[in-house]
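Hi everyone, thanks for coming. I'd like to walk you through one model today, starting with its surface and then turning to its charged pairs.

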Amino acid sequence: MFCCYTGKILIACLYEEDEDGQLIRVRDTYEDIANACCKKRFPKLGGIVVNVTQVMELIMTCILYLVVSGNLLSHSFPYLPVTEKTWSVIVFVTLLPCVFIKTLSIVSKLSLLCSLVHFIIIFIVMSYCLTQIHQWSWTRFRLPIEFEDFLVSVGVIIFSYTSQIFLPTLEGNMKNPKEFSCMLNWTHFFACLFKTAFALTAFLTWGEETKEVITDNLPSSLKILVNLCFLAKALLSYPLPFFAVTEILHTCISSSNRSDYRTPLFIVVLRGLALLFTLLMAMFIPHFALLMGLTGSVTGAAMTFLLPSIFHLKLKWGKLVFLEKCAAISLFTVGFLCSLSGIVCSIKGLIEAFGGR
């Protein structure tokens with residue numbers, strides 16, 4: 001509900017009323033909104049903050065795909081004398097063609113295949129869980145909750161619903177932008193429904209033995225098949241955030257008007273360095289859930305709760321009713337507290353995980 005609401009107020013910041021009271025789209029991107037908020041004193045500061053946050057989130061997403069790919073392969077073929085980090089290097093090699101992707105159309109086709117693989121995975125895992133329905137027990141649920149683990153989980157959940165980066169572009173390309181609010185309601189509703197159903201069936205099947213990567217709980221007969229499907233999904237998902245982050249980096253670097261920065265060779269080198277950086281980070285932080293929680297707490301909370309609330313209050317203050325102002329302030333406060341506590345708990349968990357190695 002919170003993510004859906006902040007998505008709507010973010011899009012509201014793209015519009016201003018004309019003399020006749022009609023809404024006119026005067027901004028196109030998240031960066032434009034940020035610059036509009038800071039234009040009086042620091043004209044470019046808002047855009048820099050948004051770009052840095054976007055780059056962090058997209059890079060962390062790419063790292064997550066490498067981490068989970070190495071994890072899936074190491075658990076699929078435990079009898080091979082290959083470490084998880086080595087599997088990550090092998091996955092890195094298969095992703096090298098991403099350096100040569102030139103257009104978003106190629107990325108969109110890969111994303112479509114990713115969605116198809118995703119539905120196959122959900123179908124297989126939930127079908128298996130339903131075959132174990134005779135073992136389900138509601139006594140698996142316990143009221144006591146480990147508070148620190150819960151805060152990490154909040155970061156994971158925020159990360160899984162973060163779409164604000166893409167919403168301005170999505171709304172701008174809709175055939176009927178007036179249906180954006182309805183579309184956002186339904187997509188968030190069904191996302192919540194399916195994610196809850198997936199988590200619930202898995203937990204009822206395995207209880208506290210549920211692993212970070214759900215396929216690790218499956219029997220060996222299904223485990224390899226589903227793991228390979230998950231691997232395909234991770235590989236097909238990687239190009240989208242990778243393409244987006246390299247485009248942002250290239251745009252920022254090439255703004256200096258130096259012709260050297262616009263050559264095809266420079267673009268390839270930049271993408272190669274970005275790809276290598278994600279590999280190095282994946283090898284140093286091989287803890288999927290903690291890394292995902294940290295990403296959600298740092299960049300997810302900022303892009304989903306903090307920045308939309310601030311921008312909406314700044315640009316629309318005079319036109320907001322009292323309840324709308326309270327909602328934005330409350331969302332900012334909740335987002336800040338979730339972000340701060342999630343960061344502390346995720347970093348603490350990572351330190352403990354490294355200390356226990």
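Let's begin at Glu-19, which sits in the loop between strand S1 (15–17) and strand S2 (23–25); helices here are DSSP runs of H or I with at least four residues, strands are E runs of at least two, and both are numbered from the N terminus. Glu-19 counts as exposed, at 84% relative accessibility. For that scale, buried means under 20% relative accessible area, exposed over 50%, and partly exposed in between, with a 1.4 Å probe and protein chains only.

Before going on, a word on the source: this is a predicted model, where local features need pLDDT of at least 70 and side-chain atom pairs count only at pLDDT 80 or more, while totals for chains, interfaces and linings use all residues. Residues are numbered from 1 along each chain as its sequence is written, and side-chain values use heavy atoms, leaving out hydrogens and water.

Glu-17, Asp-18, Glu-19 and Asp-20 form a negative surface patch. Patches take residues with over 30% relative accessible area and no salt bridge, joining like charges within 9 Å and nonpolar side chains (Val, Leu, Ile, Met, Phe, Trp, Tyr) within 5 Å. Asp and Glu count as negative, Lys and Arg as positive, with His and the chain ends not counted; each charge is placed at NZ of Lys, CZ of Arg, CG of Asp or CD of Glu.

There is a nonpolar patch too: Ile-310, Phe-332, Phe-336, Leu-337, Leu-340 and Val-344, with about 530 Å² of accessible area together, computed by Shrake-Rupley with a 1.4 Å probe, where for residues only the protein chains shown count as cover. Helix H13 (residues 322–355) gives the largest share, five residues. Leu-340, in that helix, is partly exposed at 46%.

Now, how many salt bridges are there? The count is five, taking a side-chain nitrogen of Lys or Arg within 4 Å of a carboxyl oxygen of Asp or Glu. Glu-16 pairs with Lys-316, with the closest N and O atoms 4.0 Å apart. Glu-16 is in strand S1 and Lys-316 in helix H12 (residues 288–316), so this pair ties together parts 300 residues apart in sequence. Lys-316 is buried, at 10%. Glu-16, Arg-27 and Lys-316 are linked in a salt-bridge network.

Arg-25 also pairs with Glu-171, at 2.9 Å between the closest N and O atoms. That links strand S2 to helix H7 (residues 167–172), 146 residues apart. Glu-171 is buried, at 2%, whereas Arg-25 is partly exposed, at 27%.
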